[in-house]
Amino acid sequence: MPKLWTETIDAHRAAVRDAVLKTTAALVAEHGLTSVTMSRIAKDSGIGRATLYKYFPDVESILLAWHERQIGHHLDHLVEVRDRTEGAGERLEAVLRAFALISHESRRHHDGGLAAFLHRDQQVTEAQRRLHGMIKDLLAEAVPTGDVRDDIAPDELAGYCLHALTAAGGLPATAAVHRLVTVTLAGLRPDPTGPALQDSTHPPHHQGHHSAHGHHPAGS
């Protein structure tokens, strides 16, 4: 088969697939996960049902393919933000802010049923692993420059960042997202006046009769 013909067929298939993914995502966002059918997807995509079934067996497989593409786009965007930003502290802040905005936008466009369905996607686990590794490396790079505290391991701090900023999905506006990022970054910075955190497995001894519930280590 001539190369030009092959490329034309591949381009056509990619275009059909892209149209199906976009249409399905839009229909689910508008009507909810349980209201979308293959017939409706085919109609709104401008293709026949038989053609649609050649690409995907059901609605769930379409959504998983769409989600995989979204995850890929999000990770690529974070890598781009990281690579175009100079300075360890600035690079960390830029990536964390971009991640928080992604969390905000993604959750805002998902209904409860879709969010629960996508959360079971195995792609999420792999994406979280890659994202955790990226944030951990950025934190480690920012420790020698004094932008990040050195009394907690970067691996722990990465978990703190991701858990904190995932909450951006439930915030009402982008201004609140930026405030959340500011608070999260404050927890990462070293305290030049305070003592290092004590190992929780060896709590310090205090004189007097202080309530155990009234003491919180710095940074908690």
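Reply: The model shown here is predicted.

The chain holds nine helices and zero strands, and from the N terminus on its elements run α-α-α-α-α-α-α-α-α. Of its 220 residues, 33% count as buried. Among contacts in the chain with a separation of 6 or more, 65% are accounted for by residues 24 or more positions apart.

The buried residues in α8 are L157, A158, G159, C161, L162, A164 and L165. Two neighbours of α8 are described next, α7 and α9.

Helix α7 takes in residues 122–142. The axes of α7 and α8 lie 8 Å apart, and the two helices pack at an angle of about 120 degrees. At that angle α7 and α8 are therefore oblique to each other. Their crossing is right-handed. On the α7 side, the contact is made by L131, H132, I135, K136, L139 and A140. On the α8 side, P154, D155, L157, A158, G159, C161 and L162 take part. By class, the residues of this contact divide into nine nonpolar, two polar and two charged.

The other neighbour is helix α9, residues 174–188. Here the packing angle with α8 is about 165 degrees, and the axes are 10 Å apart. The angle is over 145 degrees, so α8 and α9 are roughly antiparallel to each other. The crossing of α8 and α9 is right-handed. From α8, the residues L157, Y160, C161, A164 and L165 meet L180, V181, V183, T184, G187 and L188 of α9. This contact of α8 with α9 has nine nonpolar, two polar and no charged residues.

Two residues of α8 can be followed through both contacts. L157 and C161 are among the residues that touch α7, and L157 and C161 are also among those that meet α9. Both L157 and C161 are buried.

Helix α7 also has a contact with helix α4, which spans residues 59–84. Helices α4 and α7 pack at an angle of about 5 degrees, with 10 Å between their axes. An angle under 35 degrees counts as roughly parallel, so that is how α4 and α7 are described. H67, E68, I71, L75, L78, V79 and R82 of α4 form the contact with Q123, V124, A127, R130, L131, M134 and L138 of α7. The classes in the contact of α4 with α7 are nine nonpolar, two polar and three charged. L131 of α7 is one of the residues in the contact with α4, and L131 is also among those in the contact with α8.

H104 lies in helix α5, residues 88–108. H104 counts as buried because its relative accessibility is 2%. Leaving aside residues up to four places away in sequence, H104 touches A168, G169, L171, P172, A173, T174 and V177.

For contrast, T34 sits in the loop between α1 (3–31) and α2 (38–45). T34 counts as exposed because its relative accessibility is 81%. The C-alpha atoms of T34 and V59 are separated by 9.6 Å, with the two residues 25 apart along the chain.

Note on methods. Residues numbered from 1 in each chain as written. Predicted model: local features only at pLDDT ≥ 70, side-chain atom pairs only at ≥ 80, totals over all residues. Heavy atoms only, no water. Buried < 20%, exposed > 50% of the residue type's maximum accessible area, 1.4 Å probe, protein only. Helix = DSSP H or I, 4+ residues; strand = E, 2+ residues; numbered from the N terminus. Axes fitted to C-alpha atoms, helices over the stretch in contact; angles between N-to-C directions. Parallel < 35°, antiparallel > 145°, perpendicular 65-115°, else oblique. Left-handed = near helix turned anticlockwise from the far one by under 90°. Contact = heavy atoms within 4.5 Å. Nonpolar A, V, L, I, M, F, W, Y, C, P; charged D, E, K, R; others polar.
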